[in-house]
Amino acid sequence: MNEGSYKTARNLAGLSEFVGLIFCVLGVVSGFNSVLNSGELEGTLVLHILTTGCFPTVAGGLLLIVAGRILRVVIDNSGE
């Protein structure tokens, strides 16, 4: 098959990886912000904020990155 037919799929894979990277960075920055600005909060409340807000964002970002990588592998091996 010609390489031009997979151009859209390659672009979507790259976009998925890029958005996943943004989600991971935002999740980490949000986690640091929560920890640094929680001076008067108790430890369990900070842990609750991290587990409900930051960890799912990082996990979703990692899933998008993995999905983009899998799509790239499938595209690279489908033409052979």
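Mentor: What follows covers a pair of helices and then some residues in one of them.

Mentor: This is a predicted model, where local features need pLDDT of at least 70 and side-chain atom pairs count only at pLDDT 80 or more, while totals for chains, interfaces and linings use all residues. Residues are numbered from 1 along each chain as its sequence is written, and side-chain values use heavy atoms, with hydrogens and water left out.

Trainee: At what angle do α1 and α2 cross?

Mentor: The axes of helix α1 (residues 7-36) and helix α2 (residues 43-78) cross at roughly 160 degrees and come within 8 Å. Helices here are DSSP runs (H or I, at least four residues), numbered from the N terminus. Axes are lines fitted to C-alpha atoms, for helices over the stretch in contact, and angles run from 0 to 180 degrees between N-to-C directions.

Trainee: So are α1 and α2 roughly parallel or antiparallel to each other?

Mentor: Roughly antiparallel; that term applies to angles over 145 degrees.

Trainee: And what sorts of residues make up the contact of α1 with α2?

Mentor: The contact has 20 nonpolar, ten polar and five charged residues. Nonpolar covers Ala, Val, Leu, Ile, Met, Phe, Trp, Tyr, Cys and Pro, charged covers Asp, Glu, Lys and Arg, and the others, Gly among them, are polar.

Trainee: Where does α2 bend?

Mentor: At T51, by about 35 degrees. The bend at a residue is the angle between axes fitted to the seven residues ending there and the seven starting there.

Trainee: Which residues in α2 are buried?

Mentor: V46, L50, C54, G61, G68 and I75 are buried in α2. Buried means under 20% relative accessible area, exposed over 50%, and partly exposed in between (1.4 Å probe, protein chains only).

Trainee: Why does G61 count as buried?

Mentor: Because its relative accessible area is 0%. The C-alpha atoms of G61 and L50 are separated by 15 Å, with the two residues eleven apart along the chain.

Trainee: What about G60?

Mentor: G60 is also in helix α2, but counts as partly exposed because its relative accessibility is 24%.

Trainee: And L62?

Mentor: L62 is partly exposed, at 47%. Its C-alpha atom is 12 Å from that of V28, a residue 34 places away along the chain.

Terms used
Helix = DSSP H or I, 4+ residues; strand = E, 2+ residues; numbered from the N terminus. Parallel < 35°, antiparallel > 145°, perpendicular 65-115°, else oblique.
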